[in-house]
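Please look over the sequence and the model shown here, and then work through the exercises that follow, each of which comes with a solution.

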Amino acid sequence: MNATTHDASGGHGAPGNRPAPVVVLCCSPRAGGNSDLAGQAVARGVLAAGGESRTIFLREHCVLPCTGCGACAALPGHGCVLAETDDA
(Lines give C-alpha, C1' and ligand atoms only; values in the text may rest on other atoms or scores of the structure.)
Protein backbone atom coordinates (compact mmCIF):
# COMPACT_ATOMS: atom_id res chain seq x y z
CA MET A 1 0.00 0.00 0.00
CA ASN A 2 1.37 3.41 -0.94
CA ALA A 3 0.89 6.03 1.77
CA THR A 4 2.32 8.91 -0.28
CA THR A 5 -0.07 11.82 -0.69
CA HIS A 6 -0.14 13.43 -4.12
CA ASP A 7 -1.68 16.74 -5.06
CA ALA A 8 -3.85 17.24 -8.15
CA SER A 9 -0.82 17.99 -10.35
CA GLY A 10 0.79 14.66 -9.46
CA GLY A 11 3.43 16.26 -7.27
CA HIS A 12 4.12 15.68 -3.61
CA GLY A 13 2.43 18.41 -1.56
CA ALA A 14 2.53 22.12 -2.28
CA PRO A 15 5.32 23.46 -4.52
CA GLY A 16 8.40 24.49 -2.56
CA ASN A 17 7.33 22.74 0.64
CA ARG A 18 9.35 19.97 2.21
CA PRO A 19 7.48 16.72 2.73
CA ALA A 20 6.36 15.99 6.26
CA PRO A 21 8.53 13.64 8.31
CA VAL A 22 7.69 9.95 8.18
CA VAL A 23 6.25 8.78 11.49
CA VAL A 24 7.56 5.36 12.52
CA LEU A 25 5.37 3.71 15.17
CA CYS A 26 7.03 1.04 17.31
CA CYS A 27 4.10 -0.71 18.96
CA SER A 28 5.66 -3.51 20.99
CA PRO A 29 5.63 -3.28 24.77
CA ARG A 30 9.11 -4.93 24.76
CA ALA A 31 12.02 -2.52 24.26
CA GLY A 32 14.84 -3.65 22.00
CA GLY A 33 12.86 -6.42 20.31
CA ASN A 34 12.20 -7.18 16.67
CA SER A 35 9.57 -4.43 16.32
CA ASP A 36 12.04 -1.81 17.51
CA LEU A 37 14.72 -3.17 15.17
CA ALA A 38 12.29 -3.06 12.24
CA GLY A 39 11.25 0.48 13.12
CA GLN A 40 14.88 1.57 13.31
CA ALA A 41 15.53 0.00 9.89
CA VAL A 42 12.61 1.94 8.40
CA ALA A 43 13.90 5.18 9.95
CA ARG A 44 17.40 4.54 8.54
CA GLY A 45 15.91 3.87 5.11
CA VAL A 46 13.98 7.13 5.17
CA LEU A 47 17.15 8.99 6.17
CA ALA A 48 19.18 7.25 3.43
CA ALA A 49 16.56 8.33 0.89
CA GLY A 50 16.95 11.95 1.99
CA GLY A 51 13.85 12.10 4.14
CA GLU A 52 13.19 12.83 7.77
CA SER A 53 11.55 10.50 10.26
CA ARG A 54 10.22 10.59 13.78
CA THR A 55 10.09 7.38 15.80
CA ILE A 56 7.39 7.02 18.45
CA PHE A 57 7.45 4.15 20.93
CA LEU A 58 3.84 3.60 21.97
CA ARG A 59 4.94 1.81 25.16
CA GLU A 60 6.05 5.23 26.42
CA HIS A 61 2.51 6.62 26.12
CA CYS A 62 -0.80 5.85 27.75
CA VAL A 63 -3.32 5.20 24.97
CA LEU A 64 -6.71 3.98 26.14
CA PRO A 65 -9.26 2.34 23.85
CA CYS A 66 -12.31 4.33 22.76
CA THR A 67 -15.33 3.65 24.95
CA GLY A 68 -17.79 4.52 22.17
CA CYS A 69 -19.67 6.95 24.40
CA GLY A 70 -20.11 9.51 21.60
CA ALA A 71 -19.32 12.49 23.84
CA CYS A 72 -16.71 13.75 21.36
CA ALA A 73 -19.40 14.12 18.69
CA ALA A 74 -22.14 15.47 20.97
CA LEU A 75 -21.23 19.15 20.81
CA PRO A 76 -18.90 21.13 18.55
CA GLY A 77 -15.54 21.59 20.24
CA HIS A 78 -16.16 18.88 22.84
CA GLY A 79 -13.15 16.66 23.40
CA CYS A 80 -12.77 13.05 24.33
CA VAL A 81 -13.76 12.08 27.88
CA LEU A 82 -10.46 10.20 28.14
CA ALA A 83 -8.36 13.28 27.31
CA GLU A 84 -7.30 13.80 30.92
CA THR A 85 -6.20 10.20 31.42
CA ASP A 86 -4.42 9.25 28.18
CA ASP A 87 -1.91 10.73 25.73
CA ALA A 88 -3.89 10.23 22.51
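## Exercises on a predicted model

This is a predicted model, in which local features need pLDDT of at least 70 and side-chain atom pairs count only at pLDDT 80 or more, while totals for chains, interfaces and linings use all residues. Residues are numbered from 1 along each chain as its sequence is written, and side-chain values use heavy atoms, with hydrogens and water left out.

**Exercise 1.** Work out which elements the protein chain has, and in what order they run.

*Solution.* Begin with the count, which comes to 2 helices and 2 strands, where helices (H or I, at least four residues) and strands (E, at least two) are DSSP runs numbered from the N terminus. Then follow the chain from the N terminus, and the order reads β-α-β-α.

**Exercise 2.** Find which side chains meet in a salt bridge, and explain what the pair ties together.

*Solution.* A salt bridge requires a side-chain nitrogen of Lys or Arg within 4 Å of a carboxyl oxygen of Asp or Glu. The structure holds 1 salt bridge, in which the side chains of D36 and R59 meet at 2.5 Å, N to O. D36 lies in helix α1 (residues 34-48) and R59 in the loop between β2 (53-57) and α2 (71-74), so the pair ties together parts that are 23 residues apart in sequence.

**Exercise 3.** Decide whether D36 is buried or exposed, and then do likewise for R59.

*Solution.* Buried means under 20% relative accessible area, exposed over 50%, and partly exposed in between (1.4 Å probe, protein chains only). With 4%, D36 is buried, whereas R59, with 29%, is partly exposed.
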